[in-house]
Amino acid sequence: MSFSIQRSLQAYAALTRNPSILWRLTEREIASRYRGSLLGWSWTLLNPLLMLAVYTFVFSTVFKARWPDLQEAGPIGFAINLFAGLIVYSLFAECISRAPTLVLSQPSYVKKVIFPLELLSAVAVGAAAFHACTSLVVLGLFELIVQGSIPLTAFWLPLVWLPLVLGCLALCWLLSALGVYLRDLPQLVNVGLSVLMFLSAIFYPVSALPERWQPVLSLNPLVLVIEQTRAVLVSGQGPSALYLCLGLPISVVMCELCFRMFQKARRGFADVM
């Protein structure tokens with residue numbers, strides 16, 4: 001069975017071929033972010049904690065904002081919903097913003113040694129997922145303190161996020177290959193991410209928009225992930241069955257197609273770097 005999966009899914013085979021290398025590179029990537037800083041690994045928790053404190057202060061004290069569907073939850077409810085959406089967006093943005101330069105920044109891996117270049121994308125996604133998980137810990141503690149409990153539906157989160165993680169991996173393979181040939185791609189991606197931040201329902205629920213615009217915004221896959229994440233983490237609702245049934249197969253196919261495109265494109269990396 002595993003043999004047939006490896007033959008049909010080349011991306012799966014590539015990721016499971018060198019698990020020790022993948023683990024060590026991801027570990028090194030996470031450690032390198034705070035290397036040399038005074039507080040070191042403490043920043044993995046301090047960063048999301050400070051973000052949550054700022055958002056809570058700004059929206060509860062300055063703007064006195066209310067989440068449209070949760071008026072009774074008050075400004076704290078707004079901060080929780082906002083932070084849940086921001087965690088998803090940050091995971092996506094961290095992966096995609098780095099993707100165009102992943103291969104370009106490692107010329108020695110391309111020219112001098114035999115290295116599984118496809119692992120660079122997996123390492124970037126793994127490191128971003130680790131930081132997202134630390135933010136989830138902060139969000140969970142905050143919910144425990146201000147609400148007294150965390151919805152049991154939070155156990156659905158790994159299934160809700162699986163299409164997101166696979167989608168990030170697919171886009172990292174695609175953009176890292178294109179980034180070798182198109183040197184303007186990092187700037188275009190950064191502009192796109194800035195626009196996407198306001199079109200991903202981070203600061204508002206989709207239901208707050210006029211009805212005619214809701215289907216349009218729902219075409220953004222990130223909106224679906226953010227809404228499902230809020231449902232299981234904040235509202236105590238189970239995920240959409242349609243989302244679970246379609247999200248995983250689509251993301252697996254997307255992953256496989258982008259991986260094969262990356263493998264074809266890598267043959268010319270050494271010539272243009």
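A: A definition comes before the pockets. A pocket is an open set of grid points with protein on both sides within 12 Å along at least five of seven lines, and its lining residues have an atom within 4 Å of a point. Also, this is a predicted model.

Q: Fine. Which residues lie nearest the centre of the largest pocket?
A: Pro-163, Pro-221, Leu-222, Leu-224 and Val-225 lie nearest the centre, out of a lining of 20 residues.

Q: And how much space lies in the largest pocket?
A: About 480 Å³.

Q: What does the lining of the largest pocket look like by class?
A: There are 14 nonpolar residues, 5 polar and 1 charged.

Q: Now the second largest pocket. What volume does it have?
A: Its volume is about 340 Å³. The lining has 15 residues, and those nearest the centre are Leu-22, Trp-23, Thr-26, Ala-122 and Gly-126. Two or more lining residues come from each of helix H3 (19–33), helix H7 (118–147) and H8.

Q: Which element gives the largest share of the lining there?
A: H3 does, with 6 residues.

Q: Switching to helix packing. At what angle do the axes of H7 and H8 cross?
A: They cross at roughly 145°, and the two axes come within 9 Å.

Q: Is the crossing of H7 and H8 left-handed or right-handed?
A: The crossing is right-handed.

Q: Which residues in H7 meet which in H8?
A: On the H7 side they are Glu-118, Ser-121, Ala-122, Val-125, Ala-132 and Leu-136. On the H8 side they are Leu-157, Trp-161, Val-165, Cys-168, Leu-169, Cys-172, Trp-173 and Ser-176. By class, the residues of this contact divide into 11 nonpolar, 2 polar and 1 charged. Ala-122 of this contact is also one of the residues nearest the centre of the second largest pocket.

Q: Why does Thr-134 count as buried?
A: Because its relative accessibility is 10%, and buried means under 20%.

Q: What about Ser-149, where does that lie?
A: Ser-149 lies in the loop between H7 and H8. Its relative accessible area is 39%, so Ser-149 is partly exposed.

Q: On to the loop between H9 and H10. Is Ser-200 buried or exposed?
A: Ser-200 is buried, with a relative accessible area of 0%. The place of Ser-200 is in that loop, between H9 and H10.

Q: What does Ser-200 touch, not counting residues up to four places away in sequence?
A: Ser-200 touches Asn-220, Leu-222, Val-223 and Ile-226. Leu-222 is also among the residues nearest the centre of the largest pocket. Ser-200 and Val-225 are 25 residues apart in sequence, and their C-alpha atoms are 9.5 Å apart.

Q: What is phi of Ala-201?
A: It is near 55°, a positive value in a residue other than glycine. Ala-201 lies in the loop between helix H9 (185–198) and helix H10 (214–217). At 0% relative accessibility, Ala-201 counts as buried.

Q: Two more. Where does Asn-18 lie, and what does it touch beyond four places in sequence?
A: Asn-18 lies in the loop between helix H2 (10–17) and H3. It touches Pro-116 and Leu-119, with residues up to four places away not counted. The C-alpha atoms of Asn-18 and Pro-116 are separated by 8.6 Å, with the two residues 98 apart along the chain. Asn-18 is partly exposed, at a relative accessible area of 22%.

Q: Last one: which helix is Phe-59 found in?
A: Phe-59 is found in helix H4, residues 43–62. Phe-59 counts as buried at 13% relative accessibility. The C-alpha atoms of Phe-59 and Ala-93 are separated by 23 Å, and the two residues are 34 apart along the chain.

Definitions and conventions:
Residues are numbered from 1 along each chain as its sequence is written. This is a predicted model: local features need pLDDT of at least 70, side-chain atom pairs count only at pLDDT 80 or more; totals for chains, interfaces and linings use all residues. Side-chain values use heavy atoms; hydrogens and water are left out. On a 1 Å grid over the protein atoms alone, a cavity is a set of points where a 1.4 Å probe fits but cannot get out, and a pocket is an open set with protein on both sides within 12 Å along at least five of seven lines; lining residues have an atom within 4 Å of a point. Grid points are joined across faces, edges and corners, and a volume is the space filled by probe spheres set on the points. Ala, Val, Leu, Ile, Met, Phe, Trp, Tyr, Cys and Pro count as nonpolar, Asp, Glu, Lys and Arg as charged, and the others, Gly among them, as polar. Axes are lines fitted to C-alpha atoms, for helices over the stretch in contact, and angles run from 0 to 180 degrees between N-to-C directions. A crossing is left-handed if the near helix is turned anticlockwise from the far one by less than a right angle, and right-handed if clockwise. Contact means heavy atoms within 4.5 Å. Buried means under 20% relative accessible area, exposed over 50%, partly exposed in between (1.4 Å probe, protein chains only).
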